[in-house]
Amino acid sequence: MKNASAGLYFLRLPDGVRIEHLPRGQAVVEVETRLCRATLSVQGAQVLKFESRASNTPMLWVSRDALFEPGRAIRGGIPLCWPWFNAHPDNPGLPSHGFARNLDWRLESADILPSGEARVVFCLEDSEQSRQWWPHAFKATLVLTLGLQLQLAFSVSNTGDDAFDMSYALHSYFPVSDLNNVRVEGLDGRCFIDQLQGNARRMQSGPVQIAGETDAIYLDVPDTLILVDGNRMRRVTADNMPCAVVWNPGPHKAARMADLGDDEYAGMLCVERGRLADAAIRLDAGASHRSLLTLADF
Ligand SMILES: O=P(O)(O)OC[C@H]1O[C@@H](O)[C@H](O)[C@@H](O)[C@@H]1O
């Protein structure tokens, strides 16, 4: 897999931002400011860790068995699943959840804003590798703003001559104290696709509570969802991403997953936001799409 980290060293990095390497050589951007601490993987432009100085508690979960192998998806943090969600609709041999999380992105810039927030910008453009999986020209950008809250601004431009279809999710993994203490608020009365029941469409009644394996795509949901975990509340706010996915593998699927410890399912929950299923989009030549995700303790 092509490694973009060579270009990293030409960037001027501000105090509080540095490049480190994982044991297998992948580059990560470490952010340490008066507002937060964070670790960002160059592969996938994936936020792996984020902790604000106000909460001093990890916002995100990463599996203790995550495989940090170049080109393999990393189990945890916030992978960006793009340009398709789940298996490719026509070719199940292509990478699950698209390829954005498998490729190295280009670190475009890193700055500390006057507010004290760090701003880190990653880009991904089509390459020989991406065109083997998806024959389209594009430029994707992820702008991360890291302060007391974490903000991800995702944009894609179609730089080719033909329209393309895409779906995506910002697949946030959250640590939870105990699944029995957890609920997701904001989805009452919303339609969801139950991926565990042959994609049957159902209606949510009350908050989402987790009783075993859960894999549901909620359609047309409010911008703000609240993840309640005992006394801890996290706000998941999306702009221009009308879908939410709530996923937990439960004990049996967890036992089959190489990159997730058998008991770890009990301490995590994914609450994802994106555009998929009915909200997938077609991007015409020259057109762009933008969306924003904000995660905050409150
Ligand atoms: O193992 P992956 O490719 O990271 O996917 C994990 C899960 O991601 C969720 O978003 C999907 O709804 C699930 O169906 C899927 O199992």
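**Strands, core and ligand shell**

Biologist: How many helices and strands are in the chain?
Modeller: I'm counting DSSP runs numbered from the N terminus, with helices being H or I of at least four residues and strands being E of at least two. On that basis, the chain has two helices and 23 strands.

Biologist: Why do you say the chain is as compact as a globular protein of that length?
Modeller: The globule rule is 2.2 Å times the number of residues to the power 0.38, and the radius of gyration is taken over C-alpha atoms. For 298 residues the rule gives 19 Å, so the chain counts as that compact because its radius of gyration is close, at 18 Å.

Biologist: What should I know about the model and the numbering before we go on?
Modeller: Residues are numbered from 1 along each chain as its sequence is written. This is a predicted model, where totals for chains, interfaces and linings use all residues, side-chain atom pairs count only at pLDDT 80 or more, and local features need pLDDT of at least 70.

Biologist: Which residues have the most contacts inside the largest nonpolar core?
Modeller: Such a core is a set of buried Ala, Val, Leu, Ile, Met, Phe, Trp, Tyr and Cys residues joined through C-beta atoms within 7 Å. Buried takes 20 or more other C-beta atoms within 10 Å of a residue's own, exposed is 12 or fewer, and partly exposed is in between, with C-beta atoms placed from the backbone. The largest core has 79 residues, and the ones with the most contacts inside it are Val 29, Val 47, Leu 80, Phe 174 and Val 271.

Biologist: What share of the contacts with a separation of 6 or more is between residues 24 or more positions apart?
Modeller: A contact here is two C-beta atoms, placed from the backbone, within 7 Å. Val 271, for instance, touches residues including Ser 172, Leu 225 and Val 246. Over the chain, the share for residues 24 or more positions apart is 64%.

Biologist: In the E6 and E7 hairpin, which turn residue has a positive phi of about 95°?
Modeller: E6 (residues 106-112) and E7 (residues 118-125) are joined antiparallel by six bridges, with Ala 110 partnering Val 120. Five residues lie between the strands, and the one with that phi is Gly 116.

Biologist: Which residues are joined by the cis peptide bond?
Modeller: Look in the loop between E5 (80-81) and E6, where Pro 83 lies. With omega near 5°, the cis bond runs from Trp 82 to Pro 83.

Biologist: Is Asn 86 exposed, partly exposed or buried?
Modeller: Asn 86 is also in the loop between E5 and E6, and its phi is positive, near 65°. It has 18 other C-beta atoms within 10 Å, so it counts as partly exposed.

Biologist: How do the residues around the ligand divide into nonpolar, polar and charged?
Modeller: Near means a C-beta atom, placed from the backbone, within 6 Å of the molecule, and the residues around the ligand include Asn 86, His 97, Trp 247 and Glu 272. Ala, Val, Leu, Ile, Met, Phe, Trp, Tyr, Cys and Pro count as nonpolar, Asp, Glu, Lys and Arg as charged, and the others, Gly among them, as polar. The shell divides into three nonpolar, five polar and two charged.

Methods
Pairing = 2+ DSSP bridges. Lists of a residue's contacts leave out its neighbours within four places in sequence.
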